[in-house]
Amino acid sequence: MDSQLNFNIENSFNSRYSYCARQVLDELPDSFTISDPSISGHPIVFVSKGFLKVFGYSKDEVVGKNGRVFQGPKTDRKSVMEIREAIREERSIQINLLNYRKDGTPFWMLFHMSPVFSKEDGRVIHFVGVQVPISPPWRPRWSASGAVRNGANMCDDGDRVCGNIMFGSCRREVCSDTPVELSRVLALESVLDDSSRGLGIEETCEASYLEKQKAEAAINKIFSVLTRHSELTGRFVCAKRHCLPGAGILSSSLNISLGRIKQSFVLTDPHLPDMPIVYASDAFLRLTGYARDEVLGHNCRFLRGVDTDFSTLYQIKESIQTEQACTVRILNYRKDKSSFWNYLHISPVRNASGKVAYFVGVQIEEGSKNQDRNGLCPEMRHRSVVGAVKVAVRSLSMGAGPSRS
Amino acid sequence: MVTVKQVEDDNLVSKVAIPEQLNCPRFCFQDIRIPLYRFSSQSLLDDSPFEGRVCITEDEQSALDSLLLAQWEDKMWKGVLRYDVTTSEIKVIFGRRKFIAQLNERLGMDYVPKPEADKICGQGNFSEFQWTKHQEESLFYVASGEMAIPELIPSAAMPDGAVLIIINEIPLEYGHVFLVPCGSDSLAQVLDTKSLEMVARFAVEINNCSFRLFYDCPSAGTSHRYFEACYFPSPLPVELTPVDTFFHEGRRGMRISAVTDFPMKTLLFESNKKFKGMVEVLVEICYQLQEKKIPYNLLISDCGKKIFLFLQMQNMANSGTLSAWECGGYFLFQSRSEFDQATEEAMLNKLRDVSLDDEGFQVVKELCCSIADKFAV
C-alpha cells in the first residue's frame, strides 16, 4: 500500500472520531467493517475483531481493501448489483450474501449496510457493513420449477438437475446443526473435484428474524459509538441525513466511479461562486504536491505563477464561458514552487438534465517519464478521461430519482 | 433504405438508423488502417473457469475501456457525430419498475439518407468521399492474439476474424458503437459462436459495469450480423428484476433462469466457468428461435457475466419488434410532451404487447433445457 493511501485511510477514521473510538469499537463482538467511498477504490478503513475471526484474515490484509474481495465465484451477481445500487442511492440495505473466508470456503451471511452522514453538510462519510453469519439449518428458497441440489446427487457424474425434477429434500450434511459437522462438509467439498465444489451453497439462504434483529442491533450499537465519538472531534455524524448534501459535495457513487480513473484530473463546479474544485484525483495531488483538503473548494488559479501566459488563461476562460472544450499548453506551478508545462484539456460535462454540471480539467505533464501504460498518445489520454467522466456524471440527478420513487 | 421508424402514434423511437455499410454484405473494410487491439492469448472464455479471475480489478479502468472512450470522445471532438447525446435529458419514469426515458429531439430529424450508398457498395468501388467517411466512422479492430497480455497496435489493416468497431454518428447513448464481426462468412443470417464469443469477450475485457452490448435478431428476409454497444449510466430495469432458475448444470457452471415479474418474457444465462460452452448453447438456441420465427434480442451486461434473452411475439410484422434496449426498459422519445407524459403503465403495455405468450415461453424454456442437455453430454 503506498504511503499516501495509507495516510488517507488512517485519516479517514481519525479525523472524524475521537481517539478512543477504535478501542470502543474493538470491544464490540460483532463482525463489521467501515469503508470510505471518497477514497479511490472505496477501501475499508476499519475492521472489527469479530470480522477477522469470522473471515480468517489479519487486520492488515483487510484494511485498504474493497469489500468485494470477500465475494467469490458463487456470489450471486444480482445481490452484488443490489449493494452497488444501495451505495449509488446512499441508502441502507439488508441482503443475504455468499462470502468467502481466507481459506476459500464460502458461507452465507446476512449483510446489513448503512451510510454514515455528516451532520454538517449531509454528505456520506462512511458506510458501515455488518455481517451476521446465517446459521444452519439452511433454508433454500424453493419454487415449483426451481432446481435444488442434494447430497445424493452430489457425487453423480452428471451433477446436473433440470426442469421440474427435485431430488429428495434438503441436503442432509448441510442441514447439520453443529459447526463441526459443517466444517466436515466443507472439507469434504474441498477434496471433490472442481465441478462439485461449493454445491448446495448455490441456493439462496434466507436469514431468520433473529438474525435480522441481530444485524439491526449491531448497526445501532456501532452508530451510537460513532455519533458519540464524532461529538468530541466536533465533526458530527448521524444515521439519517439531516440536510441535503451541500453545494460542491459529490455523491458516494460518483466518487467511486471517478476513483477508477487513474490519471491526473479535477472537476470544477461552474454553478458555485469562483468555480471551485469539487474533485481532485490522486494523480493530480501527486503531480502538484498539494493535499486534497488544500485544493477542494479552491479555484484552480493556485496552479498559476509569475510566468504563466495571460493569453492562455484568457483562452481557458473563453472556452468555459462558451461551454466548449479546449486544449492548451500552460505553465503551472507545484506547491514547492517548481514549474512544469501542463498539456491541459478542459471539457464541459453534463448531467441527466443535459445541462453542464461540471468542467473536467485533465493535466498531462510535458516531458514526464510517466508514459501511459495503455499506450495512448497524450490527446487520446485526455479524451479517455473526459469520456469516463462523462459516463460517470451522465446519470447524475436523474429525474424521479430511483430512491424516491 | 433504412430510416428511423416510428411506432404507431406514440412518437417512440423504435429503431436506430443503421449505417449503410452494415446492410451491405459486400462492403469491405480491409483497406482501412486503424488501431488494433489484440486480446491476450490467455482467453477469458476458454475452458478455464471465471473463478480464478475474480481478482480482475474493478478498481481501475481497463486498457480496452480507455481505448473505446478515447476513440469515441475523439470522434465527437472532431465533429463526426451529428449531436452531443449528453445534452439529451434522461429520467426515471415514476413507478416501481424504474423504467428509463430519454428525450432526444434530434434523433432522426437531421438524418439524411444517402440513396447512392447501396449502389456504390454493390459495385464494390467507393468514391473518395465514401472511403473517407468509412475511415472516419471506424474506431478500431479487436482480434485474438498470441501475447500473454493484450496489445495495442496504433495502425493496422484488418486481421482475420477481427471485429470492427464503428461509431454510430446518431448515438442513442454515450459511446454508442456497432461491433461488426468481419469473418469469411459475414453473409450468414444467423448468429455464430465465433462472433458471439468475440463480443462477449469484449464485454469481459472492457470490465466496466456501465457498458452494455446488444443484439437484435435480423427481421425475416434480411441479413445482418452486427452488435451494438453503449454506456448506460444506470442499470436497466430488467437487470434489477428477480429470476427463477430452472436449469442448473454444475459441471459447466451454467444457469438458465426465467426473469419473473417482468412484462417481456425474458431468460437469463449465466456461467461462472466454461463460458465458451454457454455461448455454444446460446447460439444454438438463437438458431432454433429463428427457425421458429420467434423474434429475439440479446443484452450482455455486468462485464459479460450475464446474458439476457428477450422473446418477442411470433409472426409479428417486422416493424413491430422492439430493440434490445427497449426490452430492457430504456425508452427514447422524440417530443417533449411525450417524454413528460410517459407513464409506467404505458411502458408496461408496450412491452406486454409484443412479448411472447405464456405457452410459447414454456416451449422456449423446454427447448433451452433440451439444447443445454444435448451440449452437456
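In the predicted model, five strands of chain A form an open sheet in the order β9-β8-β12-β11-β10, and their pairing is antiparallel. At the edges of this sheet stand β9 and β10 of chain A; each has a single partner strand, so one side of each is left without a neighbour in the sheet. From one strand to the next, the twist averages 30°.

Two helices of chain A accompany the sheet. Helix α13 (residues 378-394) packs on the sheet and touches β8, β10, β11 and β12 of chain A. The direction of helix α13 makes about 35° with that of β11(A). Helix α9 (residues 252-259) of chain A lies across β8, β9 and β12 of chain A, and helix α9 runs at about 45° to β9(A).

Strand β8 of chain A, which comprises residues 265-268, was examined in detail. Its pairing with strand β12 (residues 356-365) of chain A is antiparallel and consists of four bridges. Within this pairing, Phe265(A) stands opposite Val362(A) in β12(A), and Val266(A) stands opposite Gly361(A) in β12(A). Strand β8(A) also pairs in the antiparallel sense with strand β9 (residues 277-280) of chain A, here over three bridges. In β9(A), the residue opposite Val266(A) is Ala280(A).

Two of them have a positive phi although they are not glycines: Glu90(A), with a value of about 55°, and Lys337(A), with a value of about 75°. Glu90(A) is placed in the loop between α5 (77-89) and β3 (93-100) of chain A. Lys337(A) occupies the loop between β10 (326-333) and β11 (339-350) of chain A, and both of these strands belong to the sheet described above. The relative accessible area of Glu90(A) is 10%, so this residue is buried because its value falls under 20%. Lys337(A), in contrast, has a relative accessibility of 68% and counts as exposed because this value is over 50%.

Asp30(A) lies in the loop between α2 (21-27) and β1 (32-35) of chain A. With a relative accessibility of 11%, Asp30(A) counts as buried. Beyond residues up to four places away in sequence, Asp30(A) touches Ser48(A), Gly50(A), Phe51(A), Ala218(A) and Lys221(A).

Gly56(A) is found in the loop between α3 (49-55) and α4 (59-62) of chain A. Its relative accessible area is 45%, so Gly56(A) is partly exposed, the value lying between the limits of 20% and 50%. When residues up to four places away in sequence are not counted, Gly56(A) touches Phe51(A) and Lys102(A). Phe51(A) is also among the residues touched by Asp30(A). A separation of 6.1 Å is found between the C-alpha atoms of Gly56(A) and Arg101(A), although these residues are 45 residues apart along the chain.

The confidence of the prediction was summarised for chain A. Its mean pLDDT is 80, and 78% of its residues reach 70 or more. Over residues 138-199 of chain A the pLDDT is below 50, and this stretch has 114 contacts in the model beyond near neighbours in sequence. The pLDDT is likewise below 50 over residues 400-405 of chain A, a stretch with 11 contacts in the model beyond near neighbours in sequence.

Chain B was characterised as a whole. Its secondary structure comes to 10 helices and 17 strands. Of its 377 residues, 62% are buried. Among the contacts in chain B with a separation of 6 or more, 71% are accounted for by residues 24 or more positions apart. Chain B exposes about 13,900 Å², and carbon and sulfur atoms supply 51% of this area.

How values were computed
Residues are numbered from 1 along each chain as its sequence is written. Chains are lettered from A and ligands numbered from 1 in the order in which they are written. This is a predicted model: local features need pLDDT of at least 70, side-chain atom pairs count only at pLDDT 80 or more; totals for chains, interfaces and linings use all residues. Side-chain values use heavy atoms; hydrogens and water are left out. Buried means under 20% relative accessible area, exposed over 50%, partly exposed in between (1.4 Å probe, protein chains only). Contact means heavy atoms within 4.5 Å. Accessible areas come from the Shrake-Rupley method with a 1.4 Å probe; for residues, only the protein chains shown count as cover. pLDDT is the predictor's confidence in each residue, from 0 to 100. Two strands pair if DSSP finds at least two bridges between them. Axes are lines fitted to C-alpha atoms, for helices over the stretch in contact, and angles run from 0 to 180 degrees between N-to-C directions.
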